[in-house]
Amino acid sequence: MITIQQLIEKYRLLPHPEGGYYSRTYASEELIAARALPQRFKDDRFISTAIYFLLDGKHFSAFHRIKSDELWHFYTGVGLHIYVIHPDGRGEVLKLGNDLSNGFSFQHVVRAGCWFASKPIAENAFSFVGCTVAPGFDFADFELAEKNELLKEFPLHAEWIEMFCRPAL
């Protein structure tokens with residue numbers, strides 16, 4: 001049986017600002033020039049990047065958004081719920097995992113500009129997943145949600161926002 005500590009050590013996972021642990025596993029050798037990207041990108045970006053992401057069932061990944069599409073892949077552990085608030089206010093829960101008979105899927109996409117958070121479906125377990133981002137991820141494109149601002153913009157999702165936002169520092 002794989003443990004959280006084994007995964008952290010084997011893949012040299014580091015704490016992620018949104019919660020959980022991560023390690024970049026891939027960054028393309030080629031870049032896309034900023035002038036060829038949509039205006040929301042200020043600098044050049046890798047064509048694509050990928051990470052491993054580990055989340056303990058007692059914790060969550062806080063609401064955040066990025067400027068690129070993010071493709072999530074399930075590897076092992078328990079299923080993961082990804083809570084998505086679309087720019088138009090629509091909310092959905094993506095079910096990432098291997099329990100196909102209960103609506104889970106091995107891959108899901110979170111589109112650029114959506115707010116999203118995640119949590120394993122069981123507290124006494126973990127979810128080990130991967131994320132591929134194109135254009136490639138850069139922390140300059142990462143925005144951690146501020147709870148009060150998100151509540152003002154999306155009051156219909158107050159329950160999720162209360163559960164998956166970190167206190168202001």
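**Aromatic pairs, a pocket and the strands around them**

Good morning. Tyr75 is partly exposed, and its relative accessible area is 42%. I begin with that residue, and I shall return to it in a moment. Please bear in mind throughout that the structure on the screen is a predicted model.

Let me turn to the aromatic side chains. How many aromatic pairs are there? With ring centres required to lie within 6.5 Å, the count comes to 15 aromatic pairs. One of them joins Tyr22 and Phe139, with 6.3 Å from centre to centre and 70 degrees between the planes, an edge-to-face arrangement. This pair links distant parts of the chain, since Tyr22 belongs to strand β2, residues 21-27, while Phe139 sits in the loop between β12 (126-134) and β13 (143-144), 117 residues apart.

Tyr52 lies in strand β5, residues 49-56, and Tyr75 in strand β7, residues 69-77, so the pair ties together parts of the chain that are 23 residues apart in sequence. Tyr52 has a relative accessibility of 21% and counts as partly exposed, because the limit for a buried residue is under 20%.

There is also a cluster of rings. Phe60, Phe63, Tyr83, Trp160 and Phe164 are linked into it by ring pairs. One member of the cluster, Phe60, has Arg166 over its face, 4.2 Å from the ring centre. Elsewhere, Lys10 places its charged end over the ring of Tyr11, at 5.7 Å from the centre of that ring.

I now come to the sheet that contains β2, β5, β7 and β12. In general, strands of a sheet pair through backbone hydrogen bonds, in either a parallel or an antiparallel sense. Here the sheet is open, has six strands in the order β1-β2-β5-β12-β7-β10, and shows antiparallel pairing. Why is one side of β1 and of β10 left without a neighbour in the sheet? Strands β1 (14-15) and β10 (107-110) stand at the edges, and each has a single partner strand, so one side of each remains without a neighbour.

Toward β12 it runs antiparallel, and eight bridges join the two. Toward β2, β5 pairs in the antiparallel sense over six bridges. Here Tyr21 has Leu54 in β5 as its bridge partner.

This brings me to the largest pocket. What is its volume? The value is about 210 Å³. Its lining consists of 18 residues, and those nearest the pocket centre are His16, Ile51, Glu70, Val133 and Phe137. The elements giving two or more residues to this lining are β2, β5, β7 and β12. Which element gives the most? Strand β5 does, with four residues. By class, twelve residues of the lining are nonpolar, three are polar and three are charged.

Finally, I would draw your attention to strand β11, residues 115-120. How much of it is covered? Six of its six residues are buried. Both faces are covered, with Trp115, Ala117 and Lys119 buried on one side, and Phe116, Ser118 and Pro120 buried on the other. Strand β8, residues 80-85, pairs with β11 in the antiparallel sense over six bridges, and Ile85 stands opposite Trp115 in β11. Strand β6, residues 61-65, pairs with β11 in the antiparallel sense as well, over two bridges. In that case His64 stands opposite Phe116 in β11.

Thank you for your attention.

Conventions: Residues numbered from 1 in each chain as written. Predicted model: local features only at pLDDT ≥ 70, side-chain atom pairs only at ≥ 80, totals over all residues. Heavy atoms only, no water. Phe/Tyr/Trp six-rings, centres within 6.5 Å; stacked < 30°, edge-to-face > 60°. Buried < 20%, exposed > 50% of the residue type's maximum accessible area, 1.4 Å probe, protein only. Lys NZ or Arg CZ within 6 Å of the ring centre and 35° of its normal. 1 Å grid on protein atoms, 1.4 Å probe; cavity = no way out; pocket = protein on both sides within 12 Å on 5 of 7 lines; lining within 4 Å. Points joined across faces, edges and corners; volume = space filled by probe spheres on them. Nonpolar A, V, L, I, M, F, W, Y, C, P; charged D, E, K, R; others polar. Pairing = 2+ DSSP bridges.
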